[in-house]
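Me: I would like to learn how to read aromatic ring pairs in a protein model, and I would be glad to work through one case with you.

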Amino acid sequence: MLDLDISEFFDEDGPLATAMPGYKPRPSQVELSQAIGDAIQDRATLVAEAGTGIGKTWAYLVPAFIQGGKVLISTGTRTLQDQLFARDLPRVRAALAAPVTAALLKGRGNYVCHYHLERLQGDERALKSRTEIQQLRQIQVFAGITKTGDRSDLAQVPEDADIWQRVTSTRENCLGQECPRIRDCFVVKARRQAQEADVVVVNHALFMADLVLREEGVTDLLPEADTVIFDEAHQLPDTATRFLGSSVSTHQLMDFGRALEVAGLAYAREAAKWSDVSRHLETAARELRLACAPLDKMPGRKATFEAIPNPEEFDEALAALREAVDTATKALGVVAEKHPDLMAAARSGAEISIRLKRWATPGRAGGHMEDEGWGRDDQAPEPAADIALADGPSTPAAILEGVAAAQQWTGPAVRWVEHGLHHVRLHSAPLSVAQAFSKYRKPGQAWIMTSATLSVNGEFTHFTSQLGLEQARTGKWESPFNYPEQALLFVPRGMPEPQSPQFLDRFVDTLMPLLEASPGGTLVLCTTLRAVEKVAMLLADAFDDAGHDWPLLKQGEGTRRDLLDRFCKLKHPVLVGSASFWEGIDLPGDVLTLVAIDKLPFAPPDDPVIEARLRACRAHGGNPFSEYQLPEAAISLKQGAGRLIRTESDWGVLMVGDARLVEKPYGKRLWRGLPPFARTRELEEVLAFYRRKQGDDDVAA
């Protein structure tokens, strides 16, 4: 440990200022860093809300380097993970001259797999186009020269290209120690580096995958750590819900059928009629899809287990599917040791079998005694047998004995079915992740959770109770920005009710004068994808009518990164987006001078998990609106508003079209949680603000 008080690192003549031109000490950054240092020293849990512009990354890196011991830093996304590892971490480490080593670790799907790459090379018929042939060659060259195998380092092949799924491994099809290329494995190398490094940068998805695997007895994914720092910690409850749940789709079932047929015919031709086994499985999957057809007429094309419109037909189809999967898995189990591909297929079948089993209930077709309790939302299974399968079981018996797949929790759960255009997906998720998440913290381990949006009106109860962290220290450090001068919150008068058919038309009509007054780009944040389509269409018509040729970008017309890159290069662009654009977007300066939010971001009532959580809250005598829906909306609204002001020189207008923000009694809880923008309901005041700020810019120029 370096023998210095933390505040000294942030002084005007300290190491950070010396090494980084333009660095300015900020009292809030120093206080936050000291609180983090105290929590690390005391091996405590700290929930720290750090307003935009404080510099929270440096505030946690300094104490992490000087007193954190072995440190895990978990970020909200892979993009932030790469940015932290490649930019912030090296700069702070160099400034402090800290003798720490660092490693980057992602999920296995981010690394090229030599074995699957070679298999695809040998089967070019599997390539779907000339583009894929070219992409395969680029990946082959990359695999031969890269030290990490990280697909994000190969920019020529888009991250969302389908071919990546066939040249990387999954937990189910990884051959583990049986793999002939185990010595060259990029995943093994990355995990080894992580074990040896002082600081390891991961993401929340990988952290939660590790939590689930530890429940199954697998402990080699993430290294043990003295300190865990969660950046963008507000995402943890949703990430935990996703990873502690499980799903199985007819796509997966079809893939399993094809994989078992190919492996069986290649390496165990005499053992079974593999084509018949595969056909039986595919037929059962199609029958389930047909049984789910009535879901097309239901909201969101989905239904909770209790609300399935034709339960007898559904249960019968599910029972037949379970029988087909079990038959296929047993056939594979007998021959699994003959070849790694057979072993991988057997493991896939066993995992699917366990997920389907969680959908069966006593008293309905296909149920068995061991499924007791799964007919109700208030019951969930005990954790499955402690069988470690991350690197493959050694015997077929181990495969069939138990794949402890996801959904490793006890307590209330919800199940629902989703009917897509070409698939059916069965989901299950915990109603609460608090117990599973909080017990993961090891004795003597410090946990630091930080984000700009963790509290509701200065209270952290909603966040801490979701993760079972009621005993955590909490603190809020305000942004150094001069929000009353830099930004204006506009809630227009005379707007229709949000559920009115005329609402979006009026929203766009009200937005047009602001677009004409705003000199920079505009981000329009909608609460639903349907609203994105409607608003984009209305804006296009309004632009035509007014003779404007402003660039109009819409979510879905490209990847998020592609849309944002284009936004930054265009003049006066307007980007319309939904959920994924409400956070993690950094558009400083005149690139963005207007953010418009259509409605208050209350979670959709047809979301099965939210619906079940509200029902559970009501059953326990609580008020679901004030205890769950309102805090969730407050945090989301604060995230959306946070897109506007990113630096000390940024300025602009935040328009919220939903008058409930100021006209309903609960609205005060929402707007008081926002940064302290100046506020108005008058359009003329907004236009005067734009004229004044542009005049200030002209004078400054």
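**Reading the aromatic pairs**

Reply: A search of the whole structure, which is a predicted model, finds 18 aromatic pairs.

Me: What describes a pair of aromatic rings?

Reply: A pair is described by the distance of the ring centres together with the angle of the planes. In this structure, phenylalanine 207 and tryptophan 447 form an edge-to-face pair, with 6.4 Å from centre to centre and 75 degrees between the planes. Because phenylalanine 207 belongs to helix 10 (residues 204-215) and tryptophan 447 to strand 10 (residues 446-451), the pair ties together parts that are 240 residues apart in sequence.

Me: Are phenylalanine 207 and tryptophan 447 buried or exposed?

Reply: Buried means a relative accessible area under 20%. Phenylalanine 207, at 2% relative accessibility, therefore counts as buried, and tryptophan 447 is buried as well, with a relative accessible area of 0%.

Me: Why is the pair of phenylalanine 625 and tyrosine 666 called edge-to-face?

Reply: Planes over 60 degrees apart count as edge-to-face. The planes of phenylalanine 625 and tyrosine 666 stand at 70 degrees, with the ring centres 5.0 Å apart, so the pair is edge-to-face. This pair links distant parts of the chain, 41 residues apart, since phenylalanine 625 is in helix 24 (residues 624-641) and tyrosine 666 is in the loop between helix 25 (660-663) and helix 26 (667-671). Phenylalanine 625 is partly exposed, with a relative accessible area of 28%.

Me: Which residues do ring pairs link into a cluster?

Reply: The cluster consists of Phe207, Phe230, Phe437, Tyr440 and Trp447, linked by ring pairs. One of these residues, tyrosine 440, also has lysine 442 over its face, at 4.3 Å from the ring centre.

Me: Where does the charged end of arginine 560 sit?

Reply: The charged end of arginine 560 sits over the ring of phenylalanine 581, at 5.9 Å from the centre of that ring.

Me: How should I place these details within the protein chain as a whole?

Reply: The protein chain contains 27 helices and 18 strands, and 54% of its 701 residues count as buried. For a compact globule with 701 residues the radius of gyration would be near 27 Å, and the protein chain agrees with this, having 27 Å. Along the principal axes, the C-alpha trace spans about 85 × 65 × 60 Å. Among contacts between residues at least 6 apart in sequence, 77% join residues at least 24 apart. The accessible surface comes to about 30600 Å², and 50% of that surface belongs to carbon and sulfur atoms.

Definitions and conventions:
Residues are numbered from 1 along each chain as its sequence is written. This is a predicted model: local features need pLDDT of at least 70, side-chain atom pairs count only at pLDDT 80 or more; totals for chains, interfaces and linings use all residues. Side-chain values use heavy atoms; hydrogens and water are left out. Rings of Phe, Tyr and Trp (its six-membered ring) pair if their centres lie within 6.5 Å; planes under 30 degrees apart count as stacked, over 60 as edge-to-face and the rest as tilted. Helices (H or I, at least four residues) and strands (E, at least two) are DSSP runs, numbered from the N terminus. Buried means under 20% relative accessible area, exposed over 50%, partly exposed in between (1.4 Å probe, protein chains only). A charge sits over a ring if NZ of Lys or CZ of Arg is within 6 Å of the ring centre and within 35 degrees of the ring normal. The radius of gyration is taken over C-alpha atoms; the globule rule is 2.2 Å times the number of residues to the power 0.38. Contact means heavy atoms within 4.5 Å. Accessible areas come from the Shrake-Rupley method with a 1.4 Å probe; for residues, only the protein chains shown count as cover.
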